[in-house]
Amino acid sequence: MDYSAKTIIMHVDPAAPEPDVITKAAEYIRAGKLVAFPTETVYGLGANALDPEAVERVYRAKRRPANDPLITHIAQSTDLYRLADHIPAWVEPLAQAFWPGPLTLVLQRAAHVPSNLAAGLSTIAVRMPIHPVARALIEASKTPIAAPSANTFTRPSATTAAHVLEDLYGRVDVVIDGGPTTLGLESTVLDLTQDPPVVLRPGGVVIEDLRRLIPEVRTVSQYLGDADEASPSPGQLLRHYAPRARLMLYEGPAAAVRSAISDTAARYIANGRRVGILTVNEDAAHYTQLGARIIALGEQHDHAAIGRVLFGALRALDGQGVDVILAPLLDSEGLGAAIRDRLLRAAEGKVFHVGQPTSHEA
Ligand code: TXA
Ligand code: MG
């Protein structure tokens, strides 16, 4: 049966969360209930990581397949030693450089840690968030908190409490509303059980910064289409972060991308379909005459601005009932890698290459 709950909404000051609110929310965590809370990346759907039944409730509330492991959130880096075994030497400098922050480390799971946390794998993914609400909640709960992104499975991650409620109202006990998240993209997942370490998911800590500490770090680009497939990066499914509308991505010289998007939009609109366009600010003026819903995400090279609003934009266009969403695929420098990854997954890896002959996919 699905998990159902009477959802309580608690408001907090994101910079200085009120202790009485946090204490109350922590009581829910300790009682095995589900508490959604803001982190610097996206909202998390939290439960006591050491309580296998609470962890089970997370999967049910999210409608998440049981083979998709969760991230465990800690308040102090030393908590890691209680969750993981055979901790490699990389951990210290990584924690020093990037914790608290948007870096998740995959390590060997300690034997006493519930295996459903890691979907039965022998590993565990751990992260120490920097958001004051997340940190206060973990500390007050006196237990690590398992938290996937607080969206229903395959939907865009939630960057506001309203997004959480859109997906999970009645399926989560408490939603702590601490305003919009600052990064808007999830953490980088780095697998330290492989040597050299492998980035399983690009995210808030950029590969260029990881490479300064681990020059040989590898990246994988996996677009798995099958939810039942066992893989080193379970849960990195092809269709993920997806709006209900079909997302069509365009790559190539800027002028060719603009005209492909304009032409395609005009064609759909002539056929009575509703079209949404995601664009960079510089291009927005090209599309104003089409009758499409346009969202300008930010300036082309301002990946931080684009990343912050991307998931909200996909949700907003869904809210307006569009049938298709057209968007350019942006470059992959810095945070661009995470933006590109989320767009590709939302589009099931399909890209229209325009204006030049190319064999490059993804
Ligand atoms: O920023 C974030 O990471 C957010 C906030 C709430 O912390 N959480 C998040 O969780 O994005 P989720 O469950 O949506 O994504 C977790 C990712 C998945 O891609 C999963 O495959 C990977 O982490 N992961 C978790 N445990 C793993 C493990 N033991 N081995 C390999 N990958 C793992
Ligand atoms: Mg997620």
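1. Before the charges are counted, here is the rule: Lys and Arg count as positive and Asp and Glu as negative, while His and the chain ends are left out. On that basis, the protein carries 34 positive and 40 negative side chains. The centres of these two sets lie 5 Å apart. Keep in mind as you read on that this is a predicted model.

2. Now for the overall build. The protein is made of 10 helices and 17 strands. Its C-alpha trace spans about 60 × 45 × 40 Å along the principal axes. For 362 residues, a compact globule would have a radius of gyration near 21 Å, and the protein has 20 Å, so the two agree.

3. What about inside and outside? Of the 362 residues, 58% count as buried. As for how the chain meets itself, take the contacts between residues at least 6 apart in sequence: 68% of them join residues at least 24 apart.

4. Have a look at S157, in the loop between β8 (145–146) and α6 (161–168). Is S157 buried or exposed? Its relative accessibility is 1%, and buried means under 20%, so S157 counts as buried. Its side chain makes a polar contact of 2.4 Å with the side chain of E186. Leaving aside neighbours within four places in sequence, S157 is also in contact with residues including V42, S149, N151, Y241, F311 and R315.

5. That loop between β8 and α6 also holds T154. Its phi is near 75 degrees, which is a positive value in a residue other than glycine. T154 has a relative accessible area of 23%, so it counts as partly exposed.

6. K142 is another one to check, in the loop between α5 (132–141) and β8. Here phi is near 55 degrees, again positive in a residue other than glycine. With a relative accessible area of 68%, K142 is exposed. Why point these out? Most residues other than glycine have a negative phi.

7. Where does R171 sit? You'll find R171 in the loop between α6 and β9 (174–177). It is an arginine that counts as buried, because its relative accessibility is 9%. The side chain of R171 reaches the backbone oxygen of A61 at 2.8 Å. Not counting residues up to four places away in sequence, R171 touches D2, Y3, A5, T7, L34, R60, A61 and R63.

8. Compare that with R308, which is found in helix α9 (residues 303–319). R308 has 41% relative accessibility, so it counts as partly exposed. Beyond its neighbours within four places in sequence, R308 is in contact with T181, T182, L183 and G184. R308 and N151 are 157 residues apart along the chain, and 16 Å separates their C-alpha atoms.

9. Last, the backbone has a couple of cis peptide bonds to look up. One runs from W99 to P100, with omega near -10 degrees. P100 is in the loop between α4 (91–98) and β6 (103–109). Another cis bond joins D195 and P196, where omega is about 0 degrees. P196 lies in the loop between β10 (188–191) and β11 (198–201). They are worth a look because most peptide bonds are trans.

Note on methods. Residues are numbered from 1 along each chain as its sequence is written. Chains are lettered from A and ligands numbered from 1 in the order in which they are written. This is a predicted model: local features need pLDDT of at least 70, side-chain atom pairs count only at pLDDT 80 or more; totals for chains, interfaces and linings use all residues. Side-chain values use heavy atoms; hydrogens and water are left out. Helices (H or I, at least four residues) and strands (E, at least two) are DSSP runs, numbered from the N terminus. The radius of gyration is taken over C-alpha atoms; the globule rule is 2.2 Å times the number of residues to the power 0.38. Buried means under 20% relative accessible area, exposed over 50%, partly exposed in between (1.4 Å probe, protein chains only). Contact means heavy atoms within 4.5 Å. The place of a charge is taken as NZ of Lys, CZ of Arg, CG of Asp or CD of Glu. A polar contact is a pair of N or O atoms within 3.5 Å; within protein, one must be able to donate a hydrogen and the other to accept it, and residues adjacent in sequence count only if both atoms are side-chain atoms.
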